[in-house]
Amino acid sequence: KISKRLQTIADFVRAGARAADIGSDHALLPVYLVQSGKCPTAIAGELNIGPFQAARKGAAEAGLTALIDVRQGDGLSVLSPGEADTVILAGMGGSLMTDILEAGWAAGRLNGVSELVLQPNVGEDHVRRWLVSRDYVLQEETIIEEDGRIYEVLHALVCGDQQEAQACNSRLYNVSSLPLKMPDASRKEWLFRMGPYLLHNGEELLRKKWRMELDKLERVRRQLSLSALDESRDKQAVLAGEMQQIEEVLECLP
Ligand code: SAM
């Protein structure tokens, strides 16, 4: 049995897809996808030697070395164009994730990949922005809680041609749909930070996540208020502005 987080990621993978899990660590996801019959084959990519060996061991112990190819290398460099239908990146920060995606995209490693399943631990906005910048369309997103941590999982597809993808993305990130008093640029920012589907659905866990963020910022603000430095006063003002915006966005959730 795999964790709720990994199960949520696996559920987004299209049945029958050849999946590549990049940053696979113990190869738990490829093993699950192949063992369950959801994917005929899978590739597990790992940069670091320890996790690479763990992935090899995971595939071997499951008796799946013929169906799961474990490869060592940086990001998408382990993939040849056309080898995978679905790319999965999970359990890393959003900016590392977008660095990996962008380098892979530039090198043509995403050619032929029709689906991305992405679970950034932080910095989800970087990932959503990257998807738009390269004309992928977010199809669904979900938010879950496991062991006291909240995770977002994003499912993006290649959709038609570039024009069609851009039209889909401008509908998805349409700021006029948000009843907020802030400028358009900030409203757009919040669509990227909270996620267009999560925000419009008013997900309860999204509220919880951003209330936790508010609590964190409040603790930082209190710490800063103990200092008499001008610099700390400036930082407090920035924090107060950020907190006010979060509160405003939370109030507008349905
Ligand atoms: N994907 C698994 C999951 O969600 O449970 C493992 C996540 S683990 C926290 C992140 C993994 O990404 C580590 O094993 C790390 O070695 C790997 N990693 C980090 N940078 C990488 C890169 N540029 N290319 C491939 N793997 C990378």
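Which strands each supply at least two residues of the shell around the ligand? In this predicted model, they are β2 (42-46) and β4 (86-92).

**View 1. The shell around the ligand.** The ligand is surrounded by 15 residues, and the closest are Gly 23, Leu 47, Pro 51, Ala 90 and Gly 91. With three residues, β4 gives the most to this shell. By residue class, the shell around the ligand holds six nonpolar, six polar and three charged residues.

**View 2. Helices α4 and α5.** Helix α4 (residues 94-106) and helix α5 (residues 124-133) have axes that come within 7 Å and cross at roughly 25°. Angles under 35 degrees count as roughly parallel, and α4 and α5 are therefore roughly parallel to each other. Their crossing is right-handed.

**View 3. Residues in the contact of α4 with α5.** On the α4 side, the contact is made by Gly 94, Ser 95, Met 97, Thr 98, Leu 101 and Glu 102. On the α5 side, Glu 124, Asp 125, His 126, Val 127 and Trp 130 take part. Four residues of this contact are nonpolar, four are polar and three are charged.

**View 4. Buried residues of α5 and the end of the helix.** The buried residues in α5 are Glu 124, His 126, Val 127, Arg 128, Trp 130 and Leu 131. What covers them includes the helices α4 and α7 (184-194), together with the strands β5 (115-120), β6 (136-146) and β7 (149-158). Asp 135, which follows α5, has a positive phi, near 60°.

Note on methods:
Residues are numbered from 1 along each chain as its sequence is written. This is a predicted model: local features need pLDDT of at least 70, side-chain atom pairs count only at pLDDT 80 or more; totals for chains, interfaces and linings use all residues. Axes are lines fitted to C-alpha atoms, for helices over the stretch in contact, and angles run from 0 to 180 degrees between N-to-C directions. Helices (H or I, at least four residues) and strands (E, at least two) are DSSP runs, numbered from the N terminus. Angles under 35 degrees count as roughly parallel, over 145 as roughly antiparallel, 65 to 115 as roughly perpendicular and the rest as oblique. A crossing is left-handed if the near helix is turned anticlockwise from the far one by less than a right angle, and right-handed if clockwise. Two residues are in contact if their C-beta atoms, placed from the backbone, lie within 7 Å. Ala, Val, Leu, Ile, Met, Phe, Trp, Tyr, Cys and Pro count as nonpolar, Asp, Glu, Lys and Arg as charged, and the others, Gly among them, as polar. A residue is buried if 20 or more other C-beta atoms lie within 10 Å of its own, exposed if 12 or fewer, and partly exposed in between; C-beta atoms are placed from the backbone. A residue is near a molecule or strand if its C-beta atom, placed from the backbone, lies within 6 Å of it.
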